[in-house]
Amino acid sequence: MTSYREIADTIAESILSGQQRPGQRLAPVRDLALAHGVTTKTAHAAIRELQSRGLVTSHQGGTLVSARLSVPTPAERLERSLAGVGPLRPGESVRLVSAGWAEDIPPYVYDVLEVAVGENVARRESVTEYGGQKNSLTVSWHPQRLVDLVPALAGSEPILEGTIGAVRAAGEVVGQSQSHFMARGADSREAGLLDVAEGAPVMAVVSLRTDADGRPIEYVECVYRQRCILSTDSRDEHL
């Protein structure tokens, strides 16, 4: 049977590709259920999924395509990855900027990952785009023990299932994550990679993910262009 996520992904693709425009009304839930051969409960779940992605808004008169489409938060990407549908939404693409063993590691990264100064730490940096616009920049840091488990974390190829997806596939149990949000101006490196002016408003998100025993497995720093992020969930994912 078709799942609510599959229905949501189909509608999301039509929205992100421009087939359904901002302000356009979606089919009623009953019609949506009939079209996909599912119950109205499943159709309602698909609408809620689209709402959580920031793609639609529901009112008493029906469900409308959002006037402003947001980029997924790290929390939403993690949620999608753990659900097995991949961290990217339809229409998004990711470009790996750099990956490998980090040099000139900031002291706070050692502290956050709870590893000794001088220990090897892998670093991955990527830019996510949609419709020709660079929307977010992500840097992730991983301790040596995780790279021993998942060598691709220090490799030069994109990890399509996401870093956490690769860690889970290797048998590691992912525990809790914590995120913190802060509005600030883009520094020169961020400005260059996101094609914005230095000092332009951005939303910065930092996240720490741990394993089932509470040991850090990934530290993530994300920077979003102004107005590209609308949610402030406290969980999170990345490529």
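Reader: Before anything else, what does "exposed" mean here?
Author: A residue counts as exposed when its relative accessible area is over 50%, as buried when that area is under 20%, and as partly exposed in between. The structure is a predicted model.

Reader: Then is Glu114 buried or exposed?
Author: Glu114 has a relative accessible area of 60%, so it is exposed, the cut-off being over 50%.

Reader: Where is Glu114 found?
Author: Glu114 sits in the loop between α5 and β4 (121-130). Its phi is near 60 degrees, a positive value in a residue other than glycine.

Reader: Which loop holds Asp104?
Author: Asp104 belongs to the loop between β3 (92-101) and α5 (107-113). Although Asp104 is not a glycine, it has a positive phi of about 50 degrees.

Reader: And why does Asp104 count as exposed?
Author: Because its relative accessibility is 75%, Asp104 counts as exposed.

Reader: Let us change topic. How many residues does helix α3 have?
Author: Helix α3 covers residues 40-52 and has 13 residues. From its first C-alpha to its last it reaches 18 Å, close to the 18 Å expected at 1.5 Å a residue.

Reader: Which residues in α3 are buried?
Author: In α3, the buried residues are Thr42, Ala43, Ala45, Ala46, Ile47, Glu49 and Leu50.

Reader: What comes just after α3?
Author: Just after α3 there is Gly54, which takes a positive phi of about 80 degrees.

Reader: And in the loop between α2 and α3, is Thr39 buried, exposed or partly exposed?
Author: Thr39, which is found in that loop, counts as partly exposed because its relative accessibility is 43%. The C-alpha atoms of Thr39 and Val29 are separated by 9.5 Å, and these two residues are 10 residues apart along the chain.

Reader: Back to Leu50. What does it touch?
Author: Not counting residues up to four places away in sequence, Leu50 touches Ala8, Ile11, Ala12, Leu26, Leu55 and Val56.

Reader: In the largest nonpolar core, which residues touch the most other members?
Author: Ile11, Leu26 and Leu50 do, out of the 16 residues in that core. At least two residues of this core come from each of α1 (4-16), α2 (29-36) and α3. The largest share, five residues, is supplied by α1.

Reader: Why might nonpolar side chains be found together?
Author: In soluble globular proteins, nonpolar side chains tend to be buried together.

Reader: Now the second largest pocket. How much space lies in it?
Author: The second largest pocket holds about 170 Å³ of space.

Reader: Which lining residues lie nearest its centre?
Author: Arg184, Ala204, Val206, Glu221 and Val223 lie nearest the centre of the second largest pocket, which is lined by 14 residues. The lining divides into nine nonpolar, one polar and four charged residues.

Reader: Which element gives the largest share of that lining?
Author: The largest share of the lining of the second largest pocket comes from β6, with four residues. At least two lining residues are supplied by each of β5 (133-143), β6 (174-185), α8 (188-194), β7 (201-211) and β8 (216-225).

Reader: What does Thr210 touch?
Author: Leaving out residues up to four places away in sequence, Thr210 touches Val174, Gly175, Gln176, Arg215, Pro216 and Ile217. Thr210 and Gln176 are 5.7 Å apart in space, C-alpha to C-alpha, and 34 residues apart in sequence.

Key
Residues numbered from 1 in each chain as written. Predicted model: local features only at pLDDT ≥ 70, side-chain atom pairs only at ≥ 80, totals over all residues. Heavy atoms only, no water. Expected span 1.5 Å × (residues − 1). Buried < 20%, exposed > 50% of the residue type's maximum accessible area, 1.4 Å probe, protein only. 1 Å grid on protein atoms, 1.4 Å probe; cavity = no way out; pocket = protein on both sides within 12 Å on 5 of 7 lines; lining within 4 Å. Points joined across faces, edges and corners; volume = space filled by probe spheres on them. Nonpolar A, V, L, I, M, F, W, Y, C, P; charged D, E, K, R; others polar. Core = buried A, V, L, I, M, F, W, Y, C linked by side-chain atoms within 4.5 Å. Contact = heavy atoms within 4.5 Å.
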